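Please look over the structure below. The report that follows takes it part by part.

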Amino acid sequence: MRVLALAGRRLAASIPTLFLILIGVFLLLQLAPGDTVDAMMAQMGGGDAATAKQLREFYGLDLSVGAQLANYLWRLVRFDLGFSAIYGKPVATVILERLPATILLMTASLSFAFFFGIVFGVLAARRVNRWQDTLISTLGLIFYAMPTFWFGLMAIVVFAIRLQWLPAGGFEDITVSRSGLSRTLDIARHLLLPTLTLGLFYLAIYLRIMRGSMLEVLNLDFVRTARAKGLDETRVVVKHVLRNALLPMVTLIGLQAGTMLGGSVVVESVFSLPGLGRLAYESVVQRDLNTLLGIVFMSALLVIIVNFIVDLLYARLDPRITTGS
Amino acid sequence: MDMTRRAALLTSAAIASNVLFPQRSFAQETPRKGGVFTVHYGAEQRQLNPSLQASTGVYIIGGKIQEQLVDLASAGNTVGVLAESWEATPDGKTVTFKLRKGVTWHDGKDFTSADVQFTAMEMWKKILNYGSTLQLFLTAVDTPDPHTAIFRYERPMPLPLLLRALPDLGYISPRHLYEGKGDIRQNPVNLAPVGTGPFKFVQYERGQYVIADRNTNYWRPNAPYLDRIVWRVVTDRSAAAAQMEAGQIHYSPFSGLTISDLARLGKDPRFIVSTKGNEGNARTNTIEFNFRRKELADIRVRRAIAHALNIPFFIENFLGDFAKRGTGPIPSVSTDFYPADNGPQYPYDKAVAIKLLDEAGFKPGAGGTRFTLRLLPAPWGEDISLFATFIQQSLAEVGIRIEIVRNDGGGFLKSVYADHNFDLASGWHQYRNDPAVSTTVWYRSGQPVGAPWTNQWGWTDETMDKIIDDAATEVDAAKRKALYGDFVRRANSELPIWTPIEQIFLTAISAKARNHSNTPRWGSASWHDLWLAE
């Protein structure tokens, strides 16, 4: 259980980091001109000064920055994320409502990118410098270079407008009510294009990493040994090379779980999905400090959890990590 | 998104055809009952009750669920909704509304004058933006019987002003769901509104959709036609256009799509793109001058800046037929107040601009630059952004260097209206059918610091203040109109703000919709007669 202790230590180390991040975001948002009452006035199209004053008192904006920050941290210690100015609900509720769409989109596109990244990476490495390799690498480069929003819009034009196979946006069909399996399939249909859009970019990274890592491992001594003892090529690749080449991929997943939350702002906007990314964007524009800090807190938690799982996976893939050598 | 000259011209042609033939003739059709109408909802608000917040983002939903005392009919005249008739005493201090009988709230309770009294005193007067200014001198609403509401004012309230303001600022809320239920702003009913309107609120999923269903007890016979309205939250403009093409959205109001997408949809027979139904939502593009800069406090510099901008060129190349040359703070669609003489107009003339700047004593320095100004464009629309760039390039030619400082909504309002941290600002002035509602506050001195869309320019003019105050309480319609003529001419000759471009919102709607765009504020209207053809 050395690995649990190791991962546990890293978990404990991330708590101060979390607080530093929250304080940083809090101070950063103080630098943005205007507060949530200004943003509200912008949305309403005007209002008088007395109303604005009342609202500032209501949102606790009449206090000093230090007092506001102290209030926030004190609430956080008691696991109270506060009240959202734009949604009029507790921040925890607002985030929980948005979490399913984000998690669904994130897991779907990460799994898609990871799985096909491995498949194409291995394929390219096995056929290195032949036409298969060139084709896969070129496609990877295209996916990597293409802006996500553009790809999303083009996918909508082709599959939703021209071919009419898939819906152009939204999380589920709202003009008819569904339940059970039919609802699940409906949501899956709605998530297909966003998953591909978000996933293709990461697929490109994964296949490049996988290809490189495979090529490196293929040249190591133990592979020569495996071949020398007469194993067939498939067995060599699957049993010996793949497992060793997977380590960098697993590292990347841990790092990119966080990036993907950010990258999904664009995809969520283009496909009108009710996720955390759009919520975060909205809270910045509306200067809804509590909600934004809540999302940062939540995302940081997600990243920490994913990294914890990655630590466990390391040990599974590479027993040397557990023995501490 | 940038637009080429070609795209703009194509747009113009497409829109022009729809302006000329906005609705194809359907006289022989009988209205169909049923159907789900889907609406593009671009910017979610914090609440949906139009008695508490006057903005199109609230009316587009709340205006189908709650109703006002009066509305504007197709010709721009006032028609009763919850009020059947109204009259004012000659001194203008008492206005009596006779209310409609047999109207019930969606929860089954009767609508009475007590609701009007509560809404007027607790919501319009205390919370509603622009309502608090309009009803500043409202002292009481008497309710002698359940169907009579008598508004009592401390100072004369011109009846035409009240009637033009109430379509926007006259929505009624149910007293029994608000009184004694704590802070009105935080009442959960604000996000699940209860009204007397043709549609009943069903569900609001933040970030996704709002649903309202047919009110089967609606007071108008045989209305409404639609079974359901669904508002889809789509924040990305291009994505909204794509969803319209894919048939997921029927209607995108208030210029919610990009200019180039509107141009494209306008050429598609499945859609109608038009300014019709938005006549009550006119706006002007503005240039605000900060008088705290000594250069801008000199009227010759302000006039020089106006002369240096080739407005017809900008409109023709960037806005197409959507816009025209503005003449002053009161737009030409305002038939009741548009004056015959608007005062000085500052046509494009670079030589005059240079001469004025020289006279003012700001000679070109090194590199030909006289002085540098910071311009803050408001983030409300792509036209403002284009206009800011146009100002920058045009003024460079007369030796004024412009730095453009971009902000988001909250940041813009704070910088301009609270911190006065700008030299030039550019945005929209929304005209609300009567100059006293939201236009004169741009010019009247003594506005509290931080109140958005008010005179924060550091400009005080006693003549102007007197005209504004006199007009606000003038009961005689002809005298009032004459006073607002003086107001426009004074605004144009002193030039604290310049309003060079006049625009009306654009609507994109499915060609299957019938009885649409038939009132001047149709996007905000109740849609009791809207129906969808097969």
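How many salt bridges does a search of the whole structure find over all chains? The search finds 42. The model is a predicted one.

## Salt bridges

Side chains of opposite charge can pair when their charged atoms come close. Within chain A, A:Arg126 pairs with A:Glu233 in a salt bridge. Their closest N and O atoms are 3.5 Å apart. This pair links distant parts of the chain. A:Arg126 belongs to helix H5 of chain A, and A:Glu233 to helix H10 (residues 233-270) of chain A. The two residues are 107 residues apart.

A salt bridge also spans the two chains. The rule finds 1 across the interface of chain B and chain A. The side chains of B:Asp408 and A:Arg287 form a salt bridge, with an N to O distance of 2.8 Å.

## The interface of chain B and chain A

The size of an interface is often given as the accessible area lost when the parts come together. Here the buried area is about 3,900 Å² between chain B and chain A. Carbon and sulfur atoms give 52% of that area.

Which residues of chain B lose the most area to chain A? They are B:Arg46, B:Arg185 and B:Arg206. Together these three account for 19% of what the chain B side buries. The contact takes 50 residues from chain B and 48 residues from chain A.

## Chain A: overall build

Chain A has 13 helices and 0 strands. Its pattern along the sequence is α-α-α-α-α-α-α-α-α-α-α-α-α. The C-alpha trace of chain A spans about 85 × 55 × 40 Å along its principal axes.

## Chain A: two helix pairs

Two packed helices are described by the angle between their axes and the distance between the axes. Take helix H2 (residues 36-44) and helix H3 (residues 49-58) of chain A. They pack at an angle of about 135°, and their axes are 9 Å apart. On the H2(A) side, the contact has A:Val37, A:Asp38, A:Met40 and A:Met41. These meet A:Ala52, A:Leu55 and A:Arg56 in H3(A). By class, the contact of H2(A) with H3(A) has 5 nonpolar, no polar and 2 charged residues.

The second pair is helix H5 (residues 91-126) and helix H12 (residues 289-317) of chain A. The angle is about 45°, with axes 10 Å apart. H5(A) and H12(A) are therefore oblique to each other. H5(A) passes H12(A) in a right-handed crossing. From H5(A), A:Val91, A:Ile95, A:Leu99 and A:Ile103 take part. They meet A:Asn290, A:Thr291, A:Gly294, A:Ile295, A:Met298 and A:Leu302 in H12(A). What classes do the residues of the contact of H5(A) with H12(A) divide into? There are 7 nonpolar, 3 polar and no charged residues.

## Chain B: a helix pair

In chain B, helix H10 (residues 299-308) packs with helix H12 (residues 350-359) at an angle of about 160°. Their axes are 8 Å apart. Angles over 145 degrees count as roughly antiparallel, so H10(B) and H12(B) fall in that class. The crossing of H10(B) and H12(B) is left-handed.

H10(B) gives B:Arg300, B:Val301, B:Arg303, B:Ala304, B:His307 and B:Ala308 to the contact. H12(B) gives B:Lys350, B:Val352, B:Ala353, B:Leu356, B:Leu357 and B:Glu359. The residues of the contact of H10(B) with H12(B) divide into 7 nonpolar, 1 polar and 4 charged.

## Chain B: backbone details

Most residues other than glycine have a negative phi, and most peptide bonds are trans. Two places in chain B are worth a look on that score. A cis peptide bond joins B:Ala223 and B:Pro224, with omega about -5°. B:Pro224 is in the loop between strand S9 (209-214) and strand S10 (228-233) of chain B.

The other place is B:Tyr346, a residue other than glycine with a positive phi, near 55°. B:Tyr346 is in the loop between strand S14 (323-325) and H12 of chain B.

Technical notes:
Residues numbered from 1 in each chain as written. Chains lettered and ligands numbered in written order. Predicted model: local features only at pLDDT ≥ 70, side-chain atom pairs only at ≥ 80, totals over all residues. Heavy atoms only, no water. Axes fitted to C-alpha atoms, helices over the stretch in contact; angles between N-to-C directions. Helix = DSSP H or I, 4+ residues; strand = E, 2+ residues; numbered from the N terminus. Contact = heavy atoms within 4.5 Å. Nonpolar A, V, L, I, M, F, W, Y, C, P; charged D, E, K, R; others polar. Buried area = accessible area lost by both parts, 1.4 Å probe. Salt bridge = Lys/Arg side-chain N within 4 Å of Asp/Glu carboxyl O. Parallel < 35°, antiparallel > 145°, perpendicular 65-115°, else oblique. Left-handed = near helix turned anticlockwise from the far one by under 90°.
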